[in-house]
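Please find below my notes on the model, arranged as numbered points.

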Amino acid sequence: MNLGFLYLLGSLLHAVARNTVPSSEFQLHGDYLLGGLFDIHHVSSPLHLDRPEAIDCTSQPLILSSYRSFQVMRFAVEEINNSTSLLPNVSIGYVLFDQCSDRYSFPSILNLISVNGSIEPWGDSQKNLMAVIGSYTSTKSMTVAPLFMMDLVPMVSYSASGSAFSEKKTYPSFLRTVHTNKDVIEIIVRILMNFKWHWVAFLYDDNSFGDDGQELFIRKIQDTDICLAYTKGLDHQTDYPRIFRHIETLRVHVIIVFASEWTAEVLFESAIQQNVTNKVWIATDAWSLNRKIPKTKGIRNVGTVVGVAAPAKTIPGFSDFVHSAKAAALCENAEQETFCNQVFDCSELSAADIIGANPTFSFTVYAAVYSIAHALHNTLQCGAGRCNDNITVYPHMVLAELKKSNFTLLNQTIQFDENGDPNFGFYLIVFWNHNGDVQEVPTSVCSQECPVGYKKIQEGIHKCCFSCEICQNGSFINITEDPYTCVSCTEAEWSTEGSTSCNLRVVEFVAFTDAGAVVIMVAAWAFVGLSLAVSVLFGINYNTPVVRSAGGPMCFLILICLTLSSVSVYFYFGQPTAASCILRFLPFLLFYTVCLACFVVRSFQIVCIFKIAAKLPKLYSWWMKYHGQWLVITVAFAIQALLLLIGYSIDPPKPFNETFWYRDKIVLGCDINLKAASSCVIFLLSLCCLCFIFSYMGKDLPKNYNEAKSITFCLLLLIFTWIAFATVYLLYNGTYIQTLNALAVLSSLYSFLLWYFLPKCVIIIFQPLRNTQQYFQGLIQNYTKTISQ
């Protein structure tokens with residue numbers, strides 16, 4: 001049915017065509033024909049027709065740049081026909097049309113593919129139509145392209161940049177000499193990234209061309225810092241004042257205008273009327289070289305225009321061609337009868353007007369004509385001044401050669417890729433400079449970039465709108481990976497507030513070679529030596545009153561336990577291990593308990609001898625009979641051993657990395673569970689308190705018999721030592737807390753050795769007269785008399 005309709009429509013067109021008078025501008029006879037579709041005029045608003053009819057394009061606004069492109073094609077054909085190297089002895093003709101509408105220009109297109117007024121889809125072409133140049137816009141190309149695709153008639157567009165035409169399944173014979181929207185969008189995004197314009201508006205033609213550009217732009221900015229603050233399609237009903245109000249409300253300073261030049265002209269007229277100022281307008285190649293907009297009154301106030309444009313190549317001889325054409329007065333005569341939209345009254349245009357029009361697509365038209373001519377040249381096997389006349393040329397044969405194009409035109413190598421897109425040419429960045437003054441680069445952001453070391457907190461739906469928050473100590477931010485998250489440093493790293501990376505912590509512990517460690521270990525060895533010397537001295541003088549009053553055999557137990565306790569000192573140095581952490585506390589807690597138990601018993605015995613024996617003889621008798629002192633010492637040892645076993649089974653001391661107090665270093669130490677170890681420490685403190693109570697009770701003993709006083713003094717030193725260490729421990733958590741701990745342990749050991757055993761050694765060695773039985777009995781008798789009185 002559709003083919004029947006086309007056949008009838010073609011028959012009607014044949015009746016119209018019989019009265020057609022060839023036009024000097026729109027038609028040219030030749031051996032082979034080229035079709036040409038140009039938007040010499042443009043339908044700016046929808047037409048309201050009462051019946052189907054072809055539109056009269058001459059009644060619509062003139063597009064001067066399209067008329068220039070129209071003349072470029074005529075010039076290119078004339079230049080080829082005059083060439084002796086390209087298509088020698090072969091002439092090219094053309095049939096050109098003013099395709100001012102994408103919906104009402106079909107009669108001209110149908111005339112182009114009809115044969116004797118009829119359309120025969122399966123018949124052979126008799127018009128020698130080899131290819132079509134056009135259309136100007138993507139929308140118009142889409143409407144007419146299917147008519148040429150069915151017979152694989154090459155359609156080479158000089159301006160249609162829509163992405164859809166790269167799909168060869170749908171458009172198998174479509175090629176173009178203009179770069180695609182994808183290329184233009186990529187350059188626009190690069191411009192935005194270069195100037196850090198992250199908050200932009202995107203205005204576009206509300207048609208297939210603009211929709212394609214918008215979709216490409218949205219996809220391209222997905223993985224960038226660019227945010228699309230506002231987007232709007234433009235048509236004849238667009239409320240421009242409302243658009244500009246939205247843009248101002250959103251504080252957008254950069255506006256991308258992805259539209260045709262006539263849409264851009266209307267847009268800027270409205271912007272001037274609405275007093276829009278200080279914006280950056282990014283132009284596509286469709287209007288970046290427009291000659292009308294820069295001359296509009298008030299255009300300087302709207303801001304700066306930065307555009308993408310192909311280099312405007314000068315086509316040699318074109319100016320002379322235009323001048324000669326005007327001089328020959330070849331413009332259409334109103335009395336001539338011509339086919340639909342092949343008429344144009346150019347009497348009001350001068351050669352200067354045509355030459356000075358927007359040259360954006362002049363070279364692409366020129367290249368399109370020459371690419372077809374070279375393809376036809378190769379199809380006809382031209383060479384040596386002639387072509388093969390015996391070859392019947394069909395459009396698909398020209399298409400095959402067209403795809404293989406490889407020739408030089410105005411120092412530019414013309415080639416097409418597998419999608420029919422150009423493999424030649426490049427874009428320039430153009431700047432509309434009004435007065436030549438140097439300007440600072442404007443900004444267009446929703447939120448100012450965060451300072452170094454700050455993370456972004458997104459506000460709303462746009463990633464470009466955010467607040468800033470500084471990264472705290474122990475974290476950093478890497479804006480190239482994730483500008484929204486402060487990443488915590490590992491335990492082996494540290495960072496200050498607002499850092500962009502972490503630093504390795506310095507690992508610190510007290511080494512065996514440390515000066516303080518060496519001094520303490522030497523002192524510990526000296527303690528062992530002194531303890532051994534005292535033991536030998538006491539062993540030699542075992543039966544003397546001084547040794548017996550000091551505790552007799554108990555002295556050797558005390559000295560042995562003090563020596564064993566000194567083992568703990570060595571494990572405070574070096575890198576902590578599980579074993580060293582256990583041995584750092586176990587020997588001291590266990591064996592020092594025995595020492596304190598001995599002094600508890602010794603203090604109690606002193607009090608009993610001088611105070612309780614006379615008043616409570618039975619208690620004293622029981623104590624002596626059952627060896628109460630050894631029983632107490634044994635029980636104390638067993639209790640502490642049991643408590644240590646339970647505590648260490650629950651949670652033994654283990655290596656610990658101190659990272660809280662110092663952010664730039666790791667202090668290696670041992671962690672002791674206070675709950676698990678509390679019972680051991682409390683028991684030790686209880687013995688210390690009990691010992692102090694008993695020894696303090698004997699403070700009024702004979703002046704020269706100072707056993708209790710010595711024990712009291714030793715205990716006071718012990719208490720002061722650990723109070724001092726606890727105070728320092730609360731205030732200081734550095735590396736040398738281990739050294740201070742070892743010093744406190746050593747001080748606890750030396751307090752008994754120096755202030756309990758050393759005075760007795762002095763008496764034994766230097767005061768032998770005080771180490772006699774008579775001397776001690778005299779002291780006791782005098783004290784007994786004093787008490788009885």
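1. A disulfide, taken here as a pair of cysteine sulfur atoms within 2.5 Å, joins cysteine 489 to cysteine 502, with an S to S distance of 1.8 Å. The torsion about the S-S bond of cysteine 489 and cysteine 502 is about -80 degrees, so this disulfide is left-handed. The pair links distant parts of the chain, with cysteine 489 in the loop between E18 and strand E19 (493–494) and cysteine 502 in the loop between E19 and strand E20 (503–504), 13 residues apart. Helices (H or I, at least four residues) and strands (E, at least two) are DSSP runs numbered from the N terminus. Cysteine 489 and cysteine 502 are buried, where buried means under 20% relative accessible area, exposed over 50% and partly exposed in between, with a 1.4 Å probe and protein chains only.

2. On the basis of these values: this is a predicted model, in which local features need pLDDT of at least 70 and side-chain atom pairs count only at pLDDT 80 or more, while totals for chains, interfaces and linings use all residues. Residues are numbered from 1 along each chain as its sequence is written, and side-chain values use heavy atoms, with hydrogens and water left out.

3. The structure holds 8 disulfides, and another of these joins cysteine 471 to cysteine 486, at 2.0 Å from S to S. About its S-S bond the torsion is about -80 degrees, so the disulfide of cysteine 471 and cysteine 486 is left-handed. Cysteine 471 lies in the loop between strand E16 (466–470) and strand E17 (475–476), and cysteine 486 in the loop between E17 and strand E18 (487–488), 15 residues apart. Both cysteine 471 and cysteine 486 are buried.

4. Cysteine 57 and cysteine 100 are likewise joined by a disulfide (S to S 2.0 Å), which is left-handed, with -75 degrees about the S-S bond. Cysteine 57 is in the loop between strand E2 (32–38) and helix H2 (64–81), and cysteine 100 in the loop between strand E3 (92–98) and helix H3 (106–113), so the pair ties together parts that are 43 residues apart in sequence. Cysteine 57 and cysteine 100 are both buried.

5. Cysteine 761 deserves a separate remark. Its sulfur is 9.6 Å from the closest cysteine sulfur, in cysteine 555, which is too far for a bond. At 7% relative accessibility, cysteine 761 counts as buried.

6. A nonpolar core is a set of buried Ala, Val, Leu, Ile, Met, Phe, Trp, Tyr and Cys residues joined through side-chain atoms within 4.5 Å. The largest has 88 residues, of which Met73, Leu87, Leu192, Phe217, Ile282, Tyr366 and Leu380 touch the most other members. Helix H11 (residues 362–379) gives the most to this core, with 11 residues. Leaving aside its neighbours within four places in sequence, tyrosine 366 is in contact (heavy atoms within 4.5 Å) with Val72, Phe75, Ala76, Glu79, Ile315, Leu409 and Leu410. A second, separate core of 66 residues includes Val547, Tyr572, Leu687 and Cys761.
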